[in-house]
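Trainee: I am new to this one. Could we look at it together?

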Amino acid sequence: MLISVSITALLVAIVAGSPVQTSSYAVKETHLIPRGWEKIGEAPGEHIVALQIGLKQGNFEELERSLYEVSDPTHPRYGQHLNETEVNFLIQPTSETLGSVHSWLFSYGIETSSLSYSPAKDWIKISLPVSTIETLLDTKYSIYKHSGGDTLVRTPKWSLPSNLHPHISTIQPTTSFFRPRAQKTTLKSIPLDDFEALAPPASMPFIPAVETVCNTSAITPLCLRTLYGTIDYVAQVPGTNKMALNDFLGESNNRSDTSLFLQKFRPEAAPAAYTFDVQLINGGVDEQTQLNATELANGQDLEGNLDSETLLGIAYPTPMTAFITGGSPPYRADLRTPTNSNEPYLDWLNYVLALEDIPQVVSTSYQDDEQTVPLSYATAVCNGFAQLSARGVSVIFGSGDNGVGEDGTCVTNDGQNTTTFLAMFPSTCPFVTSVGATKFIPEVVATDTGNGFVSGGGFSRYFPRPAYQGPVVSTYIASLGSQFSGLYNPDGRGFPDLAAQGYHYSTVWNGTEVILDGTSASTPTISAIVALLNDALLAAGKPVMGFLNPWLYIKGFEAFTDVTVGSALGCGTDGFPAQEGWDAVTGFGTPYFPKIKDLLLRDISRGVERDIQDFGNSKLKDDDSM
């Protein structure tokens, strides 16, 4: 009956030539323009935007509960990851939500046949001109330019009919100024004059000593494999086990450079440079031709090459997939809007969530300040990562390269310009694993005065501390006392969760060897090690690691090497210090593969004791009904 009434109303509206409005418009979201962005003009009405409408998910709370249960080594469901159908069933919107949104769009002449959907139908995507969206959302778009040169078409405020507020969580691109940038402010080439990367010897009849293969001024796969204990591990189920990386912002992974790198630093892996899988998403381009002068000046593919060379250099012969996400067509550049205005993270998430077979670990080295992202959008993207994690995918991000914040930028985005430490998103999402960076041996917090690189860390102002961090992070907060009071949220999700070398990585780019810094180096390192751990688990008939954090905070930390020297310098302060146990700059420290593998292969579901009271009403706690 409700459907019949809606159709009748719509037919009347079409005849009358006006949209159906069951309630008046009210502001749904406002977000102040972040620091560094400047309005430079009105958005052209004909500019096409790929609008993504996030619908209220049907039962995300149940998905979250299931995620924690299958990720908790003390729970009977540990390792029983959900499949695509099970995840989609839990988060699909109600028929009321879908019907209400369809009716609203149809009242503006937008047919359901022109809509595309995410696998669970919790996202609707439609490409529309700015002029139409301005009417649809009762808003006004403008062109904004960042001090770094980027331009976006955005609005600081948008509205919906009041009756739709409970049904729509977010709509983007509207208020989000998120730039999923590689950590290139500090991921810079360094002259090689004083550095020499050590190539592997022709044969290695024994496991080499770390000090004989590691020149910490030029880190190589041989050094990393020796330091972290994967040097003598032979992958057993490549093909069943897979790994992936993400490329955004025009980045790709040059096969020729990757081949040159592997020929020098892991010769047996060199053929993989020409066989790894590439999947292009929404206009992504797999650039394999010679870079032009502008691309070279911008350091294009530095990030992409670092990722592919590190993953293959450590985890070969595990098959690798490169997801290259471009801007959503039909984007058309013009003089006023020369760069894409769409949201690549959502494009990638919806693409990969539609895959039946997803690589079991995904490495991503792109982030931005959390406060540049509206809470609604950050929550929607974070919930997407939860869907991946529930399906047994380890989602891994770098913690940022500016410590607690780059000097001169440490102010709030609430119009008050209050001094604050800057958290990094998506590292602040509780459903991903965040990776900090170290340097030297013994390892300390990675910094580089030559380019301003400082491994990042801190606490979210959006996401509360998850139960799995419980007393561990509380202890660290207590140790800080009143230091930094007011500069961070002591109740927020703390990051990073762990760390790895991220200083002076040898990388081949444009046919030459360069040295790079950044959590963009430590992130694929950890991802490669997780890939090999998954290999060992699968070979033993066990499930892959999936969402690492509950295991890491309950038991896994025992197999990591604590880092206690250094701090997350920034914002004119020393920043959060490294210290014994978990800290907000190196997490639990760096991995040692043999110890982690042995720990995982034990029946830890019987061997771990946990004080349930410490975790209160944790999502990790068994259901009362079980």
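Predicted model: local features only at pLDDT ≥ 70, side-chain atom pairs only at ≥ 80, totals over all residues.

Trainee: At about what angle to S9 does helix H12 run?

Mentor: Residues are numbered from 1 along each chain as its sequence is written, and side-chain values use heavy atoms, leaving out hydrogens and water. Helices (H or I, at least four residues) and strands (E, at least two) are DSSP runs numbered from the N terminus, and angles run from 0 to 180 degrees between N-to-C directions, with axes fitted to C-alpha atoms, for helices over the stretch in contact. Helix H12 (residues 375-390) lies across strand S5 (123-129) and S9, and its angle to S9 is about 100°.

Trainee: Which strands are at the edges of the open sheet?

Mentor: Four strands form this antiparallel open sheet, in the order S4-S5-S3-S9; strands pair if DSSP finds at least two bridges between them. Each edge strand pairs on one side only, and these are S4 (116-117) and S9 (168-172).

Trainee: Which residue in S9 is the bridge partner of Leu-55?

Mentor: Strand S3 (residues 48-55) and S9 run antiparallel, joined by four bridges. In S9, the partner of Leu-55 is Ile-168.

Trainee: How are H14 and H16 oriented to each other?

Mentor: Helix H14 (residues 519-539) packs against helix H16 (residues 593-601) at about 40°, with axes 10 Å apart. Angles under 35 degrees count as roughly parallel, over 145 as roughly antiparallel, 65 to 115 as roughly perpendicular and the rest as oblique. H14 and H16 are therefore oblique.

How values were computed. Contact = heavy atoms within 4.5 Å.
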